[in-house]
Amino acid sequence: MNQINIIGSDRGQVEIGRNCSIGDGVKIIFVGQGIVRIADYVTIGDNVKMVIEGGEVSIGDWSTLHNDTTVFCKAGVTIGAHCWFGQNVVIDGTGGLTLEKGVRVGMFSQLWTHVAAGEQIEGCTLYAETPTHIEADVWLVGTCTVGSGVRIGSRSVALAGSNVVKNCPPNSVLAGAPAKIKEGINFYRDISLMQKFEMLKGWLLEAPFAASADIVSDDDAGIITVSMGDAGAIRFYRDAASFDEQRGRFGTDSACCIENKLYTKTFVAAEQKVLKHLSGNKARFTAA
């Protein structure tokens, strides 16, 4: 793992979790007092830059900031687990930015929490710092702009080039500048728990991944066990009740629940390999 170049370290604190990947040329610049907390399994790409004027930047497990992403923080930036940012994204926490788990932001997009233009002494009113909130599993396809003070509901999709300047409810599909809701379109479908179990089993049996593991499925009990020799094992439970009952009985092995998408974090090598195989756009599990 490369070292982060921390400038103004006397004004700030940086905490980095386990099994993270840090690219070349990453900088954290403390202009004022602040904290940067990077959780476990996080990927930070080349030339990512964070400028901390104040507040706290918190990046959740399994999140990825690709090359040349820029983060500004004053009031605070909270990034949930399994968030993903393409290259050259601007993340502005001047007025406070919250992104819940699973938010995906395509390259060259901009997330804003403030506006500042002409001189206030001359009467310009274009100055404000307002919190922005993006709920779970939102996808901003690419080159999108989110204005300050906006709240985007969960599982919404903003198509490429969207300029989102108003709140929108969950499951919206947005397009245009300014972005408007496209009625009658929804990119999600209902899937039963049994179907989810079969989907996950199919992904685990995919080549070439399956060649590196011993995979046993007990369909009646709703349990899939993935053993990887010295790397340990990870078990998937279909039902939350079974997960809650059994997860503490296998020592250092990890346990996952398909129903509630939680897992026990043990840091065995199998945990990282298997959950990384799934986490792109298949299934994203969050530490219990």
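Over the ring of which residue does the charged end of Arg18 sit? Select Arg18 and Phe267: the charged end of Arg18 lies over the Phe267 ring, 3.9 Å from its centre. The criterion is NZ of Lys or CZ of Arg within 6 Å of the ring centre and within 35 degrees of the ring normal.

This is a predicted model, in which local features need pLDDT of at least 70, side-chain atom pairs count only at pLDDT 80 or more, and totals for chains, interfaces and linings use all residues. Residues are numbered from 1 along each chain as its sequence is written, and side-chain values use heavy atoms, without hydrogens and water.

Rings of Phe, Tyr and Trp (its six-membered ring) pair if their centres lie within 6.5 Å; planes under 30 degrees apart are stacked, over 60 edge-to-face, the rest tilted. Four aromatic pairs are counted by this rule. Tyr41 and Trp62 are stacked because their ring centres are 4.1 Å apart and their planes at 15°. Tyr41 is in the loop between strand E5 (34-38) and strand E6 (43-44), and Trp62 in the loop between strand E8 (56-59) and strand E9 (64-65), so the pair ties together parts 21 residues apart in sequence. Strands are DSSP runs of at least two residues, helices of at least four, numbered from the N terminus.

Colour by accessibility next. Tyr41 is buried at 4% relative accessible area, and Trp62 is buried at 10% (buried is under 20%, exposed over 50%, partly exposed in between; 1.4 Å probe, protein chains only).

Finally, select Arg238, which lies over the face of Phe197, 5.4 Å from the ring centre.
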